[in-house]
Amino acid sequence: MMKQILKRCSSLGKKNNGSYNDYDDGLPVDVPKGHFAVYVGESRSRYIVPISLLTHPHFQSLLHQAEEEFGFHHHMGLTIPCEELLFRSLTSSMLKS
């Protein structure tokens, strides 16, 4: 699971023939290098988070929950089953530690 995410995240921020397209290999190029997009909550709000969170135990827990609920073989983007307020609080505390 983590290898899949890291592989998809590793190409973020790439240039294609010297110019940016809306998507690069199916990934949005508006996501800065070293970050990835996730969708959170019932309204699927989009958040850009640093790749460094992938190694944090609490974020890995969220990823396991996402895998159990949604799987990773769909085209809807990585969706985290968590309320937005809780997600923002968790990621904020993870970034401070």
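**Exercise 1. Is threonine 91 buried or exposed, judged by its relative accessibility?**

Solution. The model is predicted.

Step 1. Locate the residue. Threonine 91 sits in helix α3.

Step 2. Take its relative accessibility, 9%. The cut-off for buried is under 20%.

Step 3. Conclude. At 9%, threonine 91 counts as buried.

Step 4. List its contacts. Setting aside neighbours within four places in sequence, threonine 91 touches Leu53 and Phe59. A polar atom of its side chain also lies 3.3 Å from the backbone oxygen of arginine 88.

**Exercise 2. Check the span of helix α3 (residues 84-96) against 1.5 Å a residue.**

Solution. 

Step 1. Count residues. Helix α3 has 13.

**Exercise 3. Which residues of α3 are buried, and which exposed residues does the opposite face carry?**

Solution. 

Step 1. Find the buried residues. In α3 these are Phe87, Thr91 and Met94.

Step 2. Recall the helix geometry. An α-helix has 3.6 residues a turn, so residues three or four places apart point the same way.

Step 3. Turn to the other face. Away from the buried side, α3 carries the exposed residues Leu85 and Lys96.

Step 4. Name the packing partners. The buried residues of α3 pack against β3 (35-40), β4 (45-50), α2 (57-70) and β5 (79-80).

**Exercise 4. How many salt bridges does the count come to, and where does the one between aspartate 30 and arginine 46 lie?**

Solution. 

Step 1. Side chains of opposite charge can pair when their charged atoms come close.

Step 2. Apply the cut-off, nitrogen to oxygen within 4 Å. The count comes to 2 salt bridges.

Step 3. Take the aspartate 30 pair. Its side chain meets that of arginine 46 at 3.0 Å, N to O. Aspartate 30 is in the loop between β2 (27-28) and β3, and arginine 46 is in strand β4, so the pair ties together parts 16 residues apart in sequence. Aspartate 30 is exposed at 52%; arginine 46 is partly exposed at 34%.

Step 4. Take the glutamate 84 pair. Its side chain meets that of arginine 88 at 3.8 Å, N to O. Both residues lie in helix α3, 4 residues apart, about one turn. Glutamate 84 is partly exposed at 22%, and arginine 88 is partly exposed at 40%.

Technical notes
Residues are numbered from 1 along each chain as its sequence is written. This is a predicted model: local features need pLDDT of at least 70, side-chain atom pairs count only at pLDDT 80 or more; totals for chains, interfaces and linings use all residues. Side-chain values use heavy atoms; hydrogens and water are left out. Helices (H or I, at least four residues) and strands (E, at least two) are DSSP runs, numbered from the N terminus. The expected span of a helix is 1.5 Å times one less than its number of residues. Buried means under 20% relative accessible area, exposed over 50%, partly exposed in between (1.4 Å probe, protein chains only). Contact means heavy atoms within 4.5 Å. A polar contact is a pair of N or O atoms within 3.5 Å; within protein, one must be able to donate a hydrogen and the other to accept it, and residues adjacent in sequence count only if both atoms are side-chain atoms.
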